[in-house]
Amino acid sequence: MEGQLSSLVITKEDIETIDDLFSQYLVDSQAKDIILLNKSGELLAKSGAVTRESAVAVSALAAGVFSATNELAKLLGEREFTLTFHQGKETNIHISLVDPLILLAVIFDNKAPIGAIRFWAKKISGSIKPVLEKMAAEPRQEPSQDLRKGLLDEIDNLF
Amino acid sequence: MSLIDFSKSEITFKIVYYGPAMSGKTTNLSWIFRAIPEKVKGQFTSIATETERTLFFDFLPVELGTVKGFKIRLSLYTVPGQELYKLTRKSVLKSVDGIVFVADSNRDRRKDNINNLVDMFKNLEEYGLPDTPIIYQLNKRDVPAIIPVEELVDDLRLKGKAVYLGIASSGVSVMECLKGITHEVVSKI
């Protein structure tokens, strides 16, 4: 059985730290885009040339691919595969597990050799890990009763 | 797992449409895609085989509106219903916040409904999510060889649960189901 949190809460400070890291790595690695997502397929943060709308769809698909790959791992007697890599004519995408709930997708053009892609994915993952650990360790600001009540009261108006 | 992003003031929920093959899960999503305004919907991603059957999943992000300063977003998914894609179905359920179970009212699909529901609960149990909110859409209420509502409710043990009678191809109960499950998932945050 795989347990999980009921909510993942992200603060403004968390996102600022991640955005700063990604912006720097985008320059250093010459990646086209760096995307942080959770295993549900939600986009958490991104930096680079891919539009936000496409990054939302990329996140859903990357999490789906990753999750399906892990069913494959189990069939083969592995607990899980920690990365998947897709190589195209123009673009490559490297998806790897950063922590039990979070995935990192790094998109490169075809100029980057596979060794460099793996190197940068590993390096970015290593830098982001302490930020995620800090996020998990700090008490999170939970949605207030007021917000919860407001949501329930106003759902009808949203449809 | 809902995502609460204070940096963008957004809350995102993952809703999965589950059910046997050809019960109308993709039809529900297609209707929603057509019914909601352009500016609140994202890209509709569908991974289908050459015969238009869902192979992996359909995905539609929707922005419902703003409540108390928070944008409410839904990520809507369907699963492939065919028996062959059992493991793919399981993988899409990962970290789900709420489920719309779409049952087929056709008499000859009786067994498929039951098997699929059992399969869903087994997967939720394995993911440690036995308390996930679920609502039930008894779809295709316009077919000739129809299972009476009482019989379907008995078959799927739905007495006392949230049940909607639907004809997704013409939009009957599609938005009501979406609203119903949104209400359920919001109550859980």
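Select B:Ser95. This residue counts as buried, because it has 23 C-beta neighbours inside 10 Å. Buried means 20 or more other C-beta atoms within 10 Å of a residue's own; exposed means 12 or fewer; partly exposed is in between, with C-beta atoms placed from the backbone.

The model is predicted: local features need pLDDT of at least 70, side-chain atom pairs count only at pLDDT 80 or more, and totals for chains, interfaces and linings use all residues. Residues are numbered from 1 along each chain as its sequence is written, with chains lettered from A and ligands numbered from 1 in the order in which they are written.

Stay on B:Ser95. Its loop runs between α2 (86-92) and β6 (98-104) of chain B. Helices (H or I, at least four residues) and strands (E, at least two) are DSSP runs, numbered from the N terminus. Check the backbone: B:Ser95 is not a glycine, yet its phi is positive, about 60°. Most residues other than glycine have a negative phi.

Next, select B:Lys68. Look in the loop between β4 (54-67) and β5 (70-78) of chain B. B:Lys68 has 16 C-beta neighbours inside 10 Å, so it counts as partly exposed.

Now show both chains. In contact (C-beta atoms, placed from the backbone, within 7 Å) are 41 residues of chain B and 39 residues of chain A. Elements of chain B that each supply at least two residues to this side include β4, β5 and α2.

Finish at strand β1 (residues 7-10) of chain A. Four bridges join this strand to β1(B), and the two run parallel. Strands pair if DSSP finds at least two bridges between them. Select A:Ile10: its bridge partner in β1(B) is B:Asp5.

Definitions and conventions. Two residues are in contact if their C-beta atoms, placed from the backbone, lie within 7 Å.
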